[in-house]
Amino acid sequence: FFFQAEDGIRDIGVTGVQTCALPIWPLQWALAMVATYGLRPHEVFHLEGLPDADGWIQVGGSERTKTGFRPVMPAPLDWVDRYGLREDLAAELPWKPKYGPNGICINNQYLGGQLGRSMRMRLAPLTVMAQASSTAHRRATQELLKCVPYDLRHAWAIRLASDPAYAHIASDTAAEMMGHS
C-alpha cells in the first residue's frame, strides 16, 4: 500500500474515503516503521533515532513505551530504503506524546489508536486470499479484510519465524526485539 508518484508525492489515490488533515506520506512512513520493525503502533513516536547503517533502530525507554529500551532489526532490510525509513517523518505526524509529572508517557494508547484510525480512513482495505473455513468444502476465496497496525507488527514476527533468511534468529531474541520478555 505504499507508492511513490512521479512528482515525489506519495499517495495511493483513495477516493470516496473520509480524510483527515494528515498528509499521506507521514502515515505511510509510520506504518512502514511498524511493518519493518514489528513495532507497537505507539512506539513510532518513541524512537531513539533513525535506522543506523545496518538498518537497526533503538526503541525508547520504559518511561515512554510498554517494555523499555531495546534494539530492533529490520525484516526485511531492503524496506528501510524502499520506504524511506531514514527520513525523519515522526515530527510530521499530528499527534504528540504527552508526559505526566513523573515523566511517563500517558497517551500511548491514544497515539496508537490515532495511527490505526488514520490507516482505516486514508488507506484502501487490503484484499487477501483467505481459506474457506468449512471442512467439507475448502476453497480459496477473496475476502476484503481491514488491516490494522498490529497486523503489520504480527507480520514482522511471522517473517522472523517462517522465512529461512531469519532462521539464525532464536525465537526468544525475536520476542525481545518485539518487547516481550
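1. The model is predicted: local features need pLDDT of at least 70, side-chain atom pairs count only at pLDDT 80 or more, and totals for chains, interfaces and linings use all residues. Residues are numbered from 1 along each chain as its sequence is written, and side-chain values use heavy atoms, without hydrogens and water.

2. E43 forms a salt bridge with R70, with 2.7 Å between the closest N and O atoms (a salt bridge is a side-chain nitrogen of Lys or Arg within 4 Å of a carboxyl oxygen of Asp or Glu). E43 lies in the loop between helix 1 and strand 1 (57–59) and R70 in strand 2 (residues 70–72), so the pair ties together parts that are 27 residues apart in sequence. R70 is buried at 4%.

3. R40 also forms a salt bridge with E43, at 2.9 Å between the closest N and O atoms. R40 is buried, at 3% relative accessibility. Salt bridges link R40, E43 and R70 in a network.

4. The structure holds 3 salt bridges. One of them joins D81 and R86, whose closest N and O atoms are 2.7 Å apart. D81 is exposed at 57%, and R86 is partly exposed at 32%.

5. Helix 3 (residues 108–122) has 15 residues and reaches 21 Å from first to last C-alpha, close to the 21 Å expected at 1.5 Å a residue (1.5 Å times one less than the number of residues). Its buried residues include N108, L111 and R122, and the buried residues of helix 3 pack against helix 1 (24–37) and helix 4 (149–162) (contact is heavy atoms within 4.5 Å). Helices (H or I, at least four residues) and strands (E, at least two) are DSSP runs numbered from the N terminus.

How values were computed: Buried means under 20% relative accessible area, exposed over 50%, partly exposed in between (1.4 Å probe, protein chains only).
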